Amino acid sequence: MIIVLFITYLILQKPGEPLRMIARFAATFGYLAIFLSILSSEYMAKMRKISGMPFLRAHHNLARIGVLLILIHPLSLALQAQDFTIFLPVLYPVETFLALGGRTALYLFLLAAGIALYRKKYRNWKKVHYLNYLAFLLVSAHALMIGSDFKQDIMRIIAIIMAVTVTGIFIHKRIGVGKKIYK
Ligand code: HEM
């Protein structure tokens with residue numbers, strides 16, 4: 001709660017047009033919700049033996065909030081600019097790909113979340129679900145490179161800590177998978 005109030009305070013330090021403000025709020029809180037969703041999945045795995053259920057519920061709720069916010073973010077930007085081409089990913093050159101990484105990440109998140117809805121049908125859904133990690137790193141680059149709120153040192157530090165944590169969780173999970181295979 002303190003973090004939410006603190007980030008709200010930081011964003012309000014630079015007021016702008018309403019749609020731009022909605023985009024900035026949705027971006028940062030969507031980013032945060034997805035981070036917490038990934039974090040909860042780590043605890044879900046750890047607590048599975050006792051009861052992973054509260055973490056699973058938190059994981060799903062945070063993911064729902066995150067997906068909603070990351071849809072609101074570009075939608076309000078597109079409405080403000082009256083330009084829906086902002087939904088088109090740019091893959092080259094690398095610097096632009098990373099700066100506009102949110103565009104690519106949006107589809108990766110939607111794919112990764114969507115496949116989880118059909119997990120009973122697709123046995124290998126987890127492999128696709130791991131795209132969340134790649135998308136998260138892309139968004140971190142995107143926020144750090146073009147985000148006006150992420151020009152502040154404290155926000156840059158938060159983004160870097162989250163990106164490193166998410167990379168750590170990914171490595172930890174992959175090691176876990178490896179162990180299961182070779183047992
Ligand atoms: C079509 C997709 C996307 C477009 C066109 C887009 C565009 C932008 C733009 C123009 C900014 C700079 C806003 C500003 O500072 O005034 C921005 C910032 C940001 N975006 Fe995106 N983005 C997209 C997808 C995403 C996704 C999927 C996320 C996931 C969380 C995301 C997270 C962020 C964050 C955290 C910031 C920094 C907020 C700030 O400092 O203002 N973006 N995005």
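From the N terminus on, the elements of the protein run α-α-α-α-α-α-α-α-α. That makes 9 helices and 0 strands (DSSP runs: H or I of at least four residues for helices, E of at least two for strands, numbered from the N terminus). The radius of gyration is 17 Å, close to the 16 Å of the globule rule for 183 residues, so the protein is as compact as a globular protein of that length. The radius is taken over C-alpha atoms, and the rule is 2.2 Å times the number of residues to the power 0.38.

This is a predicted model: local features need pLDDT of at least 70, side-chain atom pairs count only at pLDDT 80 or more, and totals for chains, interfaces and linings use all residues. Residues are numbered from 1 along each chain as its sequence is written, and side-chain values use heavy atoms, without hydrogens and water.

Of the 183 residues, 37% count as buried (under 20% relative accessible area; exposed is over 50%, partly exposed in between; 1.4 Å probe, protein chains only).

Now the rings. The protein has 9 aromatic pairs (Phe, Tyr or six-membered Trp rings with centres within 6.5 Å; planes under 30 degrees apart are stacked, over 60 edge-to-face, the rest tilted). Tyr31 and Phe136 are stacked, at 5.0 Å centre to centre and 25° between the planes. Tyr31 sits in helix 2 and Phe136 in helix 8, 105 residues apart. Tyr31 is buried at 4% relative accessibility, and Phe136 is buried at 1%.

Phe35 and Phe136 form a tilted pair, with 6.2 Å between centres and 40° between planes. Phe35 lies in helix 2 and Phe136 in helix 8, so this pair ties together parts 101 residues apart in sequence. Ring pairs link Tyr31, Phe35, Phe136 and Phe150 into a cluster.
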